[in-house]
Each structure stands twice: as C-alpha cells, then as structure tokens.
Amino acid sequence: MTQTTLRAQLQGQKTDTDLLMLMEDIATACQMIADRVRHGAFAGVLGTANTENIQGETQKELDVISDEIFQQIVGANPTVAALVSEEVDEVNWRKQSPQAGDFVVYYDPLDGSSNLDVNLSVGTIFSIVRLDAATAPDAAAVQIKGTQQIAAGYAIYGPSTGLVITVGQGVDGFTHHPGSGEFLLTQPAMNIPPQTQEFAINTSRYDLWEAPVRKYIDDCLRGASGPRAKKFNMRWCASMVADVHRILIRGGVFLYPKDSGNAAQGGKLRLMYEANPMGMLVEQAGGASSTGRGRIMEVDPTGHHQRVPVILGSRDEVAVIEEYYRD
Ligand SMILES: O=P(O)(O)OC[C@H]1O[C@](O)(COP(=O)(O)O)[C@@H](O)[C@@H]1O
Ligand SMILES: [Mg+2]
Ligand SMILES: [Mg+2]
C-alpha cells in the first residue's frame with residue numbers, strides 16, 4: 001500500500017507552494033522538538049530553566065529549547081514576516097518591511113510542559129495568517145482575528161509523534177514514520193461526533209467557576225437520573241494538545257473557562273497560539289469553539305499574549321454549554 005506523505009496530501013489540496021513549504025518547515029521543527037523531548041531525561045533538560053516567560057510562568061528548559069528550534073527552522077523561511085511565541089515577549093519580526101502575502105506564524109512551542117517530568121503527552125501548536133497589506137513591523141500588525149487564519153495545527157509528542165493540520169479543507173492527521181522520516185497520513189478527514197458523554201475540565205477550580213459552568217458540570221455529574229439524562233465520563237490531561245487530540249478522535253468537550261482565579265487575565269489559555277488554532281481545527285472537523293458567549297475566532301485581539309475562555313469540541317454539547325451561559 002502506498003502511503004500519502006504530508007507533501008502529497010497538501011499538493012492534492014492545491015495548497016500554494018509558499019504555504020506548503022512553510023508547513024514542511026513547521027513539520028521539520030516539530031520533528032526536531034520531538035527528538036529533544038524524547039532525549040530530555042538523558043540530556044537532563046526535563047526540569048525548570050529558572051526563568052519566567054512574559055506571562056510569569058516558570059519556563060521548563062525544553063520550553064526554551066523548543067522555542068529556539070522553531071525560531072531557527074521556521075524563522076529562516078523567506079516568506080515568514082513575523083513569529084509570535086508564547087515564550088517570547090515581543091513580536092519576532094523577521095522582515096523589516098513586511099509585505100502583503102507574507103506569513104505571520106503564532107506558536108506555543110511546547111504545550112502542556114508541566115507534563116514533561118511525568119512522561120505524558122505534550123505538543124506544539126501553531127496558527128498561520130497572511131498579511132493582507134504591507135505594514136510597519138509593530139505589535140498592532142499581528143493582532144489579527146482567528147477568522148483570518150489560513151492554516152493551523154499541532155504536533156503531539158506521545159507514544160508516537162503525530163501532526164494534525166488544516167489548510168481550511170478539513171483536518172488531516174499524520175504520524176511520523178521513523179523509518180522514512182516522513183509524516184504519513186493516518187487519520188484523513190477527521191470528524192468530531194456532534195454529541196458526546198465526555199467532558200474535560202480541571203475540576204479542582206470548582207469553587208472559582210462562574211455559575212453556568214458549575215451548573216453544567218453538576219448536571220453532567222448527576223448522570224442518567226439527572227437533567228442531562230445520560231451518564232458522563234471525565235478526562236483531564238492538563239495538556240491541551242492531548243485533550244484536543246482525544247476530542248478529534250472520539251468527541252468530547254474541553255473547557256478552560258474564565259473563573260475568579262484567572263478573570264484578571266481574561267482566562268488561562270492564550271488566544272493567538274492556543275485558542276484560535278485549536279478553534280479552527282475543531283470547526284474544520286465539524287465541531288464548535290466558543291468563549292461561552294461567542295465564537296473564539298471572532299474575538300478581536302487586543303494583544304498577542306491575550307487570554308480567553310475556551311470551550312470546544314462536539315458541536316451539540318458546545319451549544320448546550322452556551323445555553324447554560326445564556327440562562
Ligand atoms: O494546570 P491546569 O490549570 O490544569 O492547566 C492545564 C492547561 O494549561 C496548559 O498546560 C497551558 O499550556 P502551556 O504548558 O503551554 O503553558 C494547557 O496545555 C492545559 O490545558
Ligand atoms: Mg500551551
Ligand atoms: Mg507552552
């Protein structure tokens with residue numbers, strides 16, 4: 001059986017050459033990050049780097065290493081005007097005179113990095129937009145709505161290395177094949193079932209939640225005899241990539257709502273390189289993504305490290321949660 005490579009699949013989708021080459025560069029960077037993650041224990045880099053990122057979070061050594069790899073590989077692509085990383089305060093302008101058609105790449109180099117020392121799945125998330133006009137290289141120029149994304153995806157570093165992407169024509173999952181070094185298509189046209197009986201949320205924040213979230217989870221937990229009239233299962237990986245991957249494979253909902261502990265920041269997860277790309281992937285797979293009060297991709301960005309509430313996954317269940325917010 002011949003297997004479809006990342007390049008063949010993108011060519012089949014008539015992806016333009018610049019975007020195809022950018023996606024290949026991102027795949028290369030992710031494969032290099034996967035390698036560093038796998039060798040982390042031998043290199044002694046699973047611990048903290050004794051530094052904080054702009055968001056006041058302790059950086060792991062591998063957060064910093066992954067960011068450097070991404071900058072080195074993707075930042076060298078001649079069509080990239082700017083990189084926006086979770087780990088870097090300022091926008092990293094690669095061109096001093098960005099032109100229409102140039103790419104901006106937003107990325108979370110290592111997502112779920114608190115899972116590194118316990119050897120659970122982590123990943124890299126990315127979002128791509130094209131500048132629609134020449135611009136000055138300033139921070140306002142990268143505050144572009146999620147609806148403008150032309151591509152998004154993530155790599156997952158688990159039992160195997162996966163790459164899940166969209167260029168706006170559905171969602172395809174690839175697995176890195178160690179023998180050939182290629183990402184091969186293993187989950188074409190991923191599709192999220194509209195209904196689910198599985199939610200993912202960090203319930204240790206129960207006391208901090210807003211009333212609609214508390215009521216929704218309470219009702220789910222009451223099972224078959226409760227208002228939802230069905231039994232729910234729960235999962236929480238504390239790694240958004242792993243939770244979203246499960247939802248793309250078998251459905252479910254993921255919630256990281258705004259609560260009294262993170263309200264001052266606007267939520268926990270970051271709009272430009274976590275919520276928007278995952279929102280695009282989930283919608284392209286037939287699911288829905290919401291802040292509870294509107295579509296994530298329609299949020300007007302006010303800063304490139306902005307945070308938002310995130311509710312995404314099976315379409316009908318996201319609609320149910322939005323109803324709880326309306327009530
Ligand atoms: O530790 P908590 O509050 O459960 O938060 C877990 C969430 O935080 C994150 O780890 C944030 O991502 P980073 O590891 O990139 O900072 C998500 O992947 C995950 O969904
Ligand atoms: Mg993250
Ligand atoms: Mg991260």
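Predicted model: local features only at pLDDT ≥ 70, side-chain atom pairs only at ≥ 80, totals over all residues.
1. Domain division. The protein consists of domain 1, spanning 6-187, and domain 2, spanning 198-326. Between the C-alpha centres of domain 1 and domain 2 there is a distance of 23 Å.

2. Contact between the domains. On one side, 37 residues of domain 1 take part, and they are in contact with 29 residues of domain 2. Four strands, β5 (103-111), β6 (122-130), β7 (151-157) and β8 (161-166), each contribute at least two residues to the side of domain 1 that touches domain 2. The largest share of that side, 5 residues, belongs to β6. By residue class, the side of domain 1 that touches domain 2 holds 17 nonpolar, 16 polar and 4 charged residues.

3. Ligand site. Both domain 1 and domain 2 supply at least three residues to the shell around ligand 1. Among the residues that surround ligand 1 are E57, E86, D108, D111, N202 and Y256. The shell also includes G112, S113 and S114, as well as A238, S239 and M240. In terms of class, the shell around ligand 1 comprises 3 nonpolar, 5 polar and 4 charged residues.

4. Residue N191. This residue sits in the loop between β10 (182-187) and β11 (198-200). N191 is classed as partly exposed because it has 16 C-beta neighbours inside 10 Å, a count that falls between the limits of 12 or fewer for exposed and 20 or more for buried. Leaving aside residues up to four places away in sequence, N191 touches A285 and G286. The C-alpha atoms of N191 and V171 are 7.8 Å apart, and these two residues are separated by 20 residues along the chain.

Notes
Residues numbered from 1 in each chain as written. Chains lettered and ligands numbered in written order. Near = placed C-beta within 6 Å. Nonpolar A, V, L, I, M, F, W, Y, C, P; charged D, E, K, R; others polar. Domains from an automatic or database assignment. Contact = placed C-beta atoms within 7 Å.
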